[in-house]
Amino acid sequence: ASSAGHVGGVFSYLWAKLSTFVANKEMQTKVSLSVEATASTTSSTAEASSASGLFTAKIVRLDRFEQFAECLNLFTLFAAALGLASSIIIADFYEHVIFDTIRQRERPWQFAQELMLIMFRRIEDSGGDLNVGNIYNETYLNTVMDEAERNTRHFYPRLLMFFRPGGGNPRDGFETD
């Protein structure tokens, strides 16, 4: 779902809340409940929209693989508990989108995280046609890989400073073979 200045859906929202929780090393959570107001219960439509139950969260780009792994674990826990997808489907999604990217495509975990976030957005923007179980079979991998590369360069610019190419043909770590 998107509106002016707001983009996202349930998967992106859940990841944003979890990435914030993990990055801030929170041991307790704050809970609040927003009651949605209607125009009939308020004096103006503008007041009603500001009082509506709009939930917002900002995705935190994590610093360490351990944080990413913890978010993956928590995402599986909450997504399964909320009925968004079974843990088996989520684990299969991780295998195709994250671990194949790291192991077979030899990309850093930060790239795999960006790829996952793009896949979440594609699911959310598909109108129900895509889900965690079919996204990797229904998406043009080259297109999302290019977008993930741009996002990784943007959010992790220092990543290239630490990359050491293997012998032979030097590469920056983002080129596809």
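Thr76 sits in helix α3 (residues 65-81) of what is a predicted model. Helices here are DSSP runs of H or I with at least four residues, strands are runs of E with at least two, and both are numbered from the N terminus. Residues are numbered from 1 along each chain as its sequence is written, and side-chain values use heavy atoms, with hydrogens and water left out. Since the model is predicted, local features need pLDDT of at least 70 and side-chain atom pairs count only at pLDDT 80 or more, while totals for chains, interfaces and linings use all residues.

- Thr76 counts as buried because its relative accessibility is 17%; buried means under 20% relative accessible area, exposed means over 50%, and partly exposed lies in between (1.4 Å probe, protein chains only).
- A polar atom of the Thr76 side chain lies 2.9 Å from the backbone oxygen of Leu72.
- Beyond residues up to four places away in sequence, Thr76 touches Ser87, Ile90 and Tyr94, where contact means heavy atoms within 4.5 Å.

**Overall fold and confidence**

- The protein chain has 8 helices and 2 strands, and along the sequence they follow the pattern β-β-α-α-α-α-α-α-α-α.
- Of the 177 residues in the protein chain, 35% are buried.
- Take the contacts between residues at least 6 apart in sequence: 64% of them join residues at least 24 apart.
- The average pLDDT (the predictor's confidence in each residue, from 0 to 100) is 80 for the protein chain, and 69% of the residues score at least 70.
- Residues 1-6 keep a pLDDT under 50, and the model gives them 7 contacts beyond four places in sequence.
- Residues 38-51 also stay under 50 in pLDDT, with 10 contacts beyond four places in sequence.

**The nonpolar core**

- The largest nonpolar core has 37 residues, of which Trp15, Phe75, Phe93 and Met116 touch the most other members. Such a core is a set of buried Ala, Val, Leu, Ile, Met, Phe, Trp, Tyr and Cys residues joined through side-chain atoms within 4.5 Å.
- At least two residues of this core come from each of α1 (10-23), α3, α4 (87-103), α5, α6 (135-138) and α7.
- Helix α5 gives the most to this core, with 10 residues.
- Phe75 is in contact with Phe11, Leu14, Trp15, Leu18, Ala80, Ile90, Tyr94 and Phe120, leaving aside its neighbours within four places in sequence.

**Helix α5**

- Helix α5 has 17 residues and spans 24 Å from its first C-alpha to its last, close to the 24 Å expected at 1.5 Å a residue; the expected span is 1.5 Å times one less than the number of residues.
- Most of α5 is covered, with 14 of its 17 residues buried.
- Gly127 follows α5 and has a positive phi, near 70 degrees.

**Salt bridges**

- The whole structure contains 7 salt bridges, each being a side-chain nitrogen of Lys or Arg within 4 Å of a carboxyl oxygen of Asp or Glu.
- Glu147 and Arg121 meet through their side chains in a salt bridge (2.3 Å, N to O). Glu147 lies in helix α7 (residues 141-155) and Arg121 in helix α5 (residues 109-125), so the pair ties together parts that are 26 residues apart in sequence.
- Within that pair, Glu147 is buried at a relative accessible area of 15%, whereas Arg121 is partly exposed at 28%.
- Arg103 forms a salt bridge with Glu95, with 3.1 Å between the closest N and O atoms. Arg103 is partly exposed at 48% relative accessibility, and Glu95 is partly exposed with a relative accessible area of 33%.
- Salt bridges that share partners join Glu95, Asp100 and Arg103 into one network.

**Tyr136 in helix α6**

- Tyr136 belongs to helix α6 and counts as buried because its relative accessibility is 17%.
- The side chains of Tyr136 and Asp92 are joined by a polar contact of 2.3 Å. A polar contact is a pair of N or O atoms within 3.5 Å; within protein, one must be able to donate a hydrogen and the other to accept it, and residues adjacent in sequence count only if both atoms are side-chain atoms.
- Tyr136 and Phe93 are 43 residues apart along the chain, and their C-alpha atoms are separated by 7.6 Å.
- Not counting residues up to four places away in sequence, Tyr136 touches Asp92, Phe93, His96, Val97 and Met119.
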